[in-house]
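Biologist: I'm new to this model, so please walk me through it step by step.

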Amino acid sequence: TTEVSQPDGGFLLWCSLPDTVNGDELYSKAKQVGINITPGSLFSCDNSFQGYIRLNYATWKNNSIFIDSIRRLSSLMA
């Protein structure tokens with residue numbers, strides 16, 4: 001399952017990925033289709049957060065471009 005944090009403030013969401021999904025690999029696949037995410041491994045010296053990604057929603061707009069990007073990201077995880 002994928003879980004998303006509920007931040008107390010700021011504009012960043014941490015997403016815990018299913019065990020079968022590697023955040024670094026998801027980052028590469030997402031970048032190829034124009035979606036920018038941050039792999040969790042960038043926040044660790046020993047790659048201990050490979051099962052996480054960070055999403056920035058500071059410029060979120062409830063429109064088809066953003067919704068489609070979330071759907072495509074979900075498809076890349078499948």
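Modeller: Let's begin with the labels: helices (H or I, at least four residues) and strands (E, at least two) are DSSP runs, numbered from the N terminus. Residues are numbered from 1 along each chain as its sequence is written. Keep in mind that this is a predicted model, where local features need pLDDT of at least 70, side-chain atom pairs count only at pLDDT 80 or more, and totals for chains, interfaces and linings use all residues, while side-chain values use heavy atoms, with hydrogens and water left out.

Biologist: Which elements each supply at least two residues of the lining of the largest pocket?

Modeller: A pocket is an open set of points on a 1 Å grid over the protein atoms alone, where a 1.4 Å probe fits, with protein on both sides within 12 Å along at least five of seven lines; lining residues have an atom within 4 Å of a point. Here, strand S2 (12–16), S4 and helix H2 (64–77) each bring in at least two lining residues. H2 gives the most, with 7 residues.

Biologist: How many residues line the largest pocket, and which lie nearest its centre?

Modeller: There are 24 in the lining, and Asn36, Ile37, Leu55, Asn56 and Ile70 lie nearest the centre.

Biologist: Let's pick Ile37. Is Ile37 buried or exposed?

Modeller: Buried means under 20% relative accessible area, exposed over 50%, and partly exposed in between (1.4 Å probe, protein chains only). Ile37 has 2% relative accessibility, so Ile37 counts as buried. You'll find Ile37 in the loop between helix H1 (23–32) and S3. Its C-alpha atom is 20 Å from that of Asp8, 29 residues away along the chain.

Biologist: And Phe49, where is that found?

Modeller: Look in the loop between strand S3 (38–39) and strand S4 (52–56). Phe49 has a relative accessible area of 35%, so Phe49 is partly exposed.

Biologist: How many salt bridges does a search of the whole structure find?

Modeller: Side chains of opposite charge can pair when their charged atoms come close. We call a salt bridge a side-chain nitrogen of Lys or Arg within 4 Å of a carboxyl oxygen of Asp or Glu. Searching the whole structure turns up 1 salt bridge. Asp68 and Arg72 make a salt bridge through their side chains, at 3.3 Å, N to O.

Biologist: Why are Asp68 and Arg72 separated by about one helical turn?

Modeller: Because they sit 4 residues apart in helix H2, about one helical turn separates them. Asp68 is partly exposed at 36% relative accessible area, and Arg72, with 32% relative accessibility, also counts as partly exposed.
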